[in-house]
Amino acid sequence: MDERTERINHAARYLKSCIGPELPTIGIVLGSGLGNLAEEIEEPVVIPYRDVPEFPMSTAVGHKGNFIYGKLGGKKIIAMQGRLHFYEGYPMELVTLGIRVMKLLGIEFLFVSNAAGGTNIEYHVGDLVIIKDHINMMPNPLIGPNLADFGPRFPDMTCAYDLELQELAEKLGIQMGINLKKGVYFGSTGPTYETPAEIRFFREVGADLVGMSTIPEVIVARHCGIRVFGMSVVTNEANSRNVPKNLNDGDDVVKQAGIAATRMSELFRRMIEAL
Ligand code: HPA
């Protein structure tokens, strides 16, 4: 067996031993400052990453580093409270390990969330944005020998973000009275925030949001046939002018995400209930 597959199996076996026979059908990745959705999970089983074989710790600010298994919207789910980023120095295999592990647990749907800068001038701090597509400027996590047990060599990415899930979110967003935006996420490695010139470039090529995560997870999820819903919380309006008062700040990003997290959690709960 491929050594990578052995590592994925090793971690999945441990998680299965912690959660018993009723396996989750839905996985959730909680981004910077968004970890408090975890408080809504009923009958939670918390499994710290440090206890999971093969799993590294998340070092990023606002990221806790736990799997949480339990019930949300009446369904068995597993959430990753905190993710691993490429900018932390982990290879893409580790950045995406959790997704493949959740696949082996049986998830059919993945909800990914992140804090992002709004490059679209109509986006404001606190906006919730349905990710409808992405532009990947990070290394592709599928580079290397293909893990054929998981999926094909050349996965299609035409509908990376599931259209039915987007429609469901829009419908529920209206019911909840929240004004959901819909945009294209531009993924860069970080850890620097963007220069104003880069922001202007991203706008030109059609990006509404910019961030340092999510895309590797989405690519790996699509490779193995998981249906994906992605949501960004706009934590800062990306600055396209070289003005000192508009500096970006990681702590502020986490704070703003925390404020919007309650609405996002409720939307996720209602979507999961409707699946
Ligand atoms: N740029 C990149 N990543 C981010 C930003 C940003 O402005 N805000 C939150 N994550």
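Which residue with a positive phi follows α5? Gly206 does, with phi near 100 degrees. The model is predicted.

**Ligand site**

- Eleven residues surround the ligand. The closest are Ala115, Gly117, Glu194, Gly211 and Asn236.
- An N or O atom in the side chain of Asn236 is 2.7 Å from a nitrogen atom of the ligand. For the side chain of Glu194, the corresponding distance to a ligand nitrogen atom is 2.8 Å.
- Taken alone, the ligand exposes 260 Å², and the protein buries 95% of that.
- β5 (109-118), β8 and β9 are the elements that give two or more residues to the shell around the ligand. β5 gives the most, with three residues.

**Ser232 in β9**

- Strand β9 spans residues 227-237 and contains Ser232.
- Is Ser232 buried or exposed? Ser232 counts as buried because its relative accessibility is 0%, and the cut-off for buried is under 20%.
- The side chain of Ser232 makes a polar contact of 2.7 Å with the side chain of Asn114.
- Leaving out residues up to four places away in sequence, Ser232 touches Asn114, Ala116, Asp127, Leu128, Val129, Ile131, Tyr185 and Leu209.

**Helix α5**

- α5 covers residues 196-204, and Pro196, Ile199 and Phe202 are buried in it.
- Seen down the axis of α5, the buried residues fall within an arc of 115 degrees, so they line one face of the helix.
- An α-helix has 3.6 residues a turn, so residues three or four places apart point the same way.
- The buried residues of α5 pack against β7 (181-187) and β8 (209-211).
- After α5 comes Gly206, with its positive phi.

**Nonpolar cores**

- The largest nonpolar core has 47 residues. Phe55, Phe67, Ile99, Met102 and Leu110 have the most contacts inside it.
- Phe55 touches Tyr49, Phe67, Met80, Leu84, Leu97 and Gly98, with residues up to four places away in sequence not counted.
- Another core, of 34 residues, lies apart from the largest one. Among its members are Leu30, Ala38, Leu72 and Ala261.
- In soluble globular proteins, nonpolar side chains tend to be buried together.

Conventions. Residues numbered from 1 in each chain as written. Predicted model: local features only at pLDDT ≥ 70, side-chain atom pairs only at ≥ 80, totals over all residues. Heavy atoms only, no water. Buried < 20%, exposed > 50% of the residue type's maximum accessible area, 1.4 Å probe, protein only. Helix = DSSP H or I, 4+ residues; strand = E, 2+ residues; numbered from the N terminus. Arc of directions from axis to C-beta. Contact = heavy atoms within 4.5 Å. Core = buried A, V, L, I, M, F, W, Y, C linked by side-chain atoms within 4.5 Å. Polar contact = N/O pair within 3.5 Å; in protein donor to acceptor, adjacent residues only side chain to side chain. Near = heavy atom within 4 Å. Areas by Shrake-Rupley, 256 points an atom, 1.4 Å probe, with all protein chains shown as cover.
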